[in-house]
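Open the model in your viewer and get ready to select residues. We will stop at rings, charges and strands.

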Amino acid sequence: MAATPTQHSSWIRAWLGSFEPAYDVRIVVVGPVDQPRAVAPLVTRRKGLGRLELISVRELGEPVGVLSDGDPRSLADVGRALIELGEPLLLQRLTAQSPLVAALRSSPARALILERPSVPYSYIDLDPSWAEPDARVSARRRGDLRRKHRAAEKLGPLTLEDCKPAPAELDPLLEEALRIEASGWKGRAGTALVHDRARAAFYRSYLRFAAADGLVRIFFLRVGDRRVATQVYAEFARRLWQIKIGYDEAFARVSPGMLLSREVIGAAARDGLDGLEFLGAVEPWTQTWSPTVRRFLTVRVYPLGLRRLGALRGLATVWVDAREAWHGRRQARGGTSRR
């Protein structure tokens, strides 16, 4: 049912372990609870405005959306169910073209619906031509990359490390990736993950769960014997999803992050993957590789009048123990499909 790694049980379980104490969790289910057609994982802050939000978006900023069986009618039904809750909703980073958004707009329930554009991010749909990424960028950028490559090689041979760690192999690779991230401007600004205890705990937990499911892929660029850039991905649904990046600022003049991106894109294309999702937000360096972006909306719903629970007509809204729901469903089904 999960279409992105942020909908996978690894992500949800890690969020529950890191942030759940501040929230009550509500899961809105369309269809039978044991075999749902769509699931909206919502939370409400125990000390807050009492509105329902999508799980994890507040803390992590990545789109989560609603899990579904792929049928647009299921997303339309869950949109109607959300309106019929009769409670304020803050739904951040919903895919702009999703049937869920259309259902929220067209619901007959009395509610004020407000929309605004949310943060987009860049992505690449890969094909065999991306095996040589230089050929896909402008001549000016291609020349710049080649100059940076030559300058880096003067410091030592360039090599790509492509790691797909098992759980027992993850921790030293992750700590090295976090060290590299903190070595640059993020470290000086205090925004590197090592300076954010709660988010660091989440990502360590998430990557351990994901590694157990075979989803983690960590890349390093070496100059000589030194790792100078890193990118951490979830490999899911035949795409790479960028989780964390960083580079050693001592090597900034050779643009190690861009050189590593070139190697990662080429490796993904040669592996036959379908795409690369940069997540986060559109940045100039991601636009170098792809001008295409995924667009999102933030939708706020303010109900008018009394809740009309009887109008749900078979659409289930259930309060559950969130840990039991996610762990139990994963055990019963043997995990969510990765490909």
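Start with Phe278. This is a predicted model, and here Phe278 has a relative accessibility of 4%. Buried means under 20%, so Phe278 counts as buried. Is Trp285 buried or partly exposed? Its relative accessible area is 23%, so Trp285 is partly exposed.

Keep both selected. Phe278 and Trp285 form an aromatic pair. Two values describe such a pair: the distance of the ring centres and the angle of the planes. For Phe278 and Trp285 the centres are 5.4 Å apart, and the planes make 85°. That pair is edge-to-face.

The count of aromatic pairs comes to eleven. Select another of them: Trp11 and Phe202. Their rings are also edge-to-face, at 4.9 Å centre to centre and 75° between the planes.

Next, look for charges over rings. Select Arg93 and Phe296: Arg93 lies over the face of Phe296, 4.9 Å from the ring centre. Then go to Arg227 and Phe220. The charged end of Arg227 sits over the ring of Phe220, at 4.4 Å from its centre.

Stay with Arg227 and show the strands. Which residue is its bridge partner? Arg227, in β10, is paired with Arg222. Select strand β9, residues 216–223, and strand β10, residues 226–236. They run antiparallel, and eight bridges join them.

Zoom out to the sheet. Strands of a sheet pair through backbone hydrogen bonds, either parallel or antiparallel. This sheet is open and has seven strands, with mixed pairing. Follow the order: β8-β9-β10-β11-β12-β7-β13. The edge strands are β8 (158–163) and β13 (293–294), and each pairs on one side only.

Finish with two helices. Helix α6, residues 167–182, packs on the sheet and touches β8, β9, β10 and β11. Its direction makes about 120° with that of β10. Now select helix α9, residues 256–270. Helix α9 lies across β7, β8, β9, β10, β11 and β12. Helix α9 runs at about 40° to β10.

Notes
Residues are numbered from 1 along each chain as its sequence is written. This is a predicted model: local features need pLDDT of at least 70, side-chain atom pairs count only at pLDDT 80 or more; totals for chains, interfaces and linings use all residues. Side-chain values use heavy atoms; hydrogens and water are left out. Rings of Phe, Tyr and Trp (its six-membered ring) pair if their centres lie within 6.5 Å; planes under 30 degrees apart count as stacked, over 60 as edge-to-face and the rest as tilted. Buried means under 20% relative accessible area, exposed over 50%, partly exposed in between (1.4 Å probe, protein chains only). A charge sits over a ring if NZ of Lys or CZ of Arg is within 6 Å of the ring centre and within 35 degrees of the ring normal. Two strands pair if DSSP finds at least two bridges between them. Helices (H or I, at least four residues) and strands (E, at least two) are DSSP runs, numbered from the N terminus. Contact means heavy atoms within 4.5 Å. Axes are lines fitted to C-alpha atoms, for helices over the stretch in contact, and angles run from 0 to 180 degrees between N-to-C directions.
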